[in-house]
Amino acid sequence: MSGVNKRVLVLGGDGFCGWPTALHLSSIGFDVVIADNLSRRTIDAELGIDSLTPISSIAERLRAWKRVSGFEIGFERIDIAADYEALRRLLERYKPGTVVHFAEQRAAPYSMKDARHKTYTVDNNVRGTHNVLAALSELALDCHLVHLGTMGVYGYDSADLELPEGYLDVLLEGRDGAHHRRSILYPTNPGSVYHLTKSLDQLLFQFYAANDRLRITDLHQGIVWGTQTDQTRRDPALINRFDYDGDYGTVLNRFAMEAVVGHPLTVHGSGGQTRAFIHIQDTVRCIAMALENPPARGDAVKILNQVAETHRVRDLAALVAKLTGAEVSFVDNPRREAAENSLAVSNATFRALGLQPILLEDHLLSETMDIAAQYADRCNFDAIPARSVWTPNHNPGVVREQMKEAANA
């Protein structure tokens, strides 16, 4: 593709999704630079918990990638939310064709721990996103911004409908009785401060796409499962994160860890919450597809649902229990959410681009369970329970008989 700008700046490229994405893009011919303030490592220290998989320093990670691939990935330590000028200088110097934006605090429970964590999440996420948009506009870069959002902006409605890709077509009646067609952002219903920041991101993107003609793709991603990709498997120093703790551990990682160490699988509430899922390997593939299919300058924000399948939490627990013989324990739900919900999601765009997703039922045992078993000696049992709560007088961890009854219904 002669003349195409193959320079990619990956913001937050040291994190769970950012790191394997940087490697994947490097492996398929992009010139990659990572910008990160290494805050995810700082949060580990704050919480007193490490990734189950041992994570090398960023310098060793980059050396290992060059050693096994022959490709070099650059690194800049920048806090994009706090240092606008450093971000602007990097963009001006590097002139990327694409910016991939992962540099946001990504955990809903962490965002709800207390007022300090709520304000940190808003300050970091919203200010960081706006700084990127303002810098791209100020520099007048013809650059495609690809942002990793979340399915959580839609909320979890029980209505019998399929969530569209970002937009809702509506018919409005005017004062004269005439009808007017409009395409609006699908109404958001965030369930945490983290999800709220992603909802605010959407409005920022909408404004800058219309006012400054920035080219923007917003990926509404489901819960990511799995740990390794084709690239992270190539050297022990490249291994990706496996978070299992109550703040950052996703439900499948938590179930896998609990099963391996002999802890009951803790299902919050009735387990009737339906969620969307995608494997980390498909995440990096989808991001590459998004890079290669940008919107035109002047287009509305391109919103794509980056999901593979949907499952109820109690059904996932039953699957893990069947595979491992683990017991299932229904505990009080620390979140304020509906006990049961349905969820159907359109992923038509990525399907049309050729996505053939890795499915949980086919690969759960050989992927997540194997990682959990391999590094079980690094498990911190005290970190497993969810202790961040949505209401101040909540008491997570209490077994309720009615939840068992609902799950057995």
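Which residues in α1 are buried? They are G18, W19, P20, T21, A22, L23, H24, L25 and S26. Buried means under 20% relative accessible area, exposed over 50%, and partly exposed in between, with a 1.4 Å probe and protein chains only. The model is predicted: local features need pLDDT of at least 70, side-chain atom pairs count only at pLDDT 80 or more, and totals for chains, interfaces and linings use all residues. Residues are numbered from 1 along each chain as its sequence is written, and side-chain values use heavy atoms, with hydrogens and water left out.

In α1 (residues 18-27), 9 of the 10 residues are buried, so the rest of the structure largely encloses the helix. Helices here are DSSP runs of H or I with at least four residues; strands are runs of E with at least two; both are numbered from the N terminus. The cover over the buried residues of α1 includes β1 (7-11), β2 (31-36), α3 (58-69), β4 (98-101) and α9. Just after α1, G29 adopts a positive phi of about 105 degrees.

Next come the nonpolar cores. A nonpolar core is a set of buried Ala, Val, Leu, Ile, Met, Phe, Trp, Tyr and Cys residues joined through side-chain atoms within 4.5 Å. In soluble globular proteins, nonpolar side chains tend to be buried together. The largest core here has 42 residues, and L9, L11, L91, V99 and L136 touch the most other members. At least two residues of this core come from each of β1, β2, α4 (84-94), α6 (115-139) and α7 (193-211). The largest share, 7 residues, is supplied by α6. L91 touches L9, P96, V99, A135, L136, L139 and L141, leaving aside residues up to four places away in sequence. Contact means heavy atoms within 4.5 Å. A second, separate core of 37 residues includes A22, L23, I34 and A308.

Now turn to the open sheet. Its 3 strands run in the order β10-β12-β14, with mixed pairing. Two strands pair if DSSP finds at least two bridges between them. β10 (223-225) and β14 (309-312) stand at the edges with a single partner strand each, so one side of each has no neighbour in the sheet. On average, neighbouring strands are turned by 45 degrees against each other, direction ignored. Axes are lines fitted to C-alpha atoms, for helices over the stretch in contact, and angles run from 0 to 180 degrees between N-to-C directions. β10 pairs with β12 (residues 274-279) in the parallel sense, over 3 bridges. Within that pair, V224 stands opposite I278 in β12. Helix α9 (residues 280-292) packs on the sheet, touching β10 and β12, and its direction makes about 75 degrees with that of β12. Helix α10 (residues 313-324) lies across β12 and β14 and runs at about 85 degrees to β14.

Another parallel pair joins β11 (residues 265-268) to β15 (residues 328-331), over 4 bridges. L265 has V328 as its bridge partner in β15. In a regular strand the side chains alternate between the two faces of the sheet. In β11, L265 and V267 point one way and T266 and H268 the other, and all are buried.

N347 sits between β16 (344-345) and α11 (348-352). N347 is buried, at 12% relative accessible area. A polar atom of its side chain lies 2.9 Å from the backbone oxygen of V307. N347 also touches E165, N305, V307 and A308, not counting residues up to four places away in sequence.

The structure holds 24 salt bridges, each a side-chain nitrogen of Lys or Arg within 4 Å of a carboxyl oxygen of Asp or Glu. D14 and R41 meet in one of them (2.6 Å, N to O). D14 is in the loop between β1 and α1 and R41 is in helix α2 (residues 39-47), so the pair ties together parts 27 residues apart in sequence. D14 is buried at 5% relative accessible area, whereas R41 is partly exposed at 24%.

D282 is buried at 0% relative accessible area; R285 is partly exposed at 30%. Salt bridges that share partners join R40, D44, R106, R241 and D243 into one network.

Methods. A polar contact is a pair of N or O atoms within 3.5 Å; within protein, one must be able to donate a hydrogen and the other to accept it, and residues adjacent in sequence count only if both atoms are side-chain atoms.
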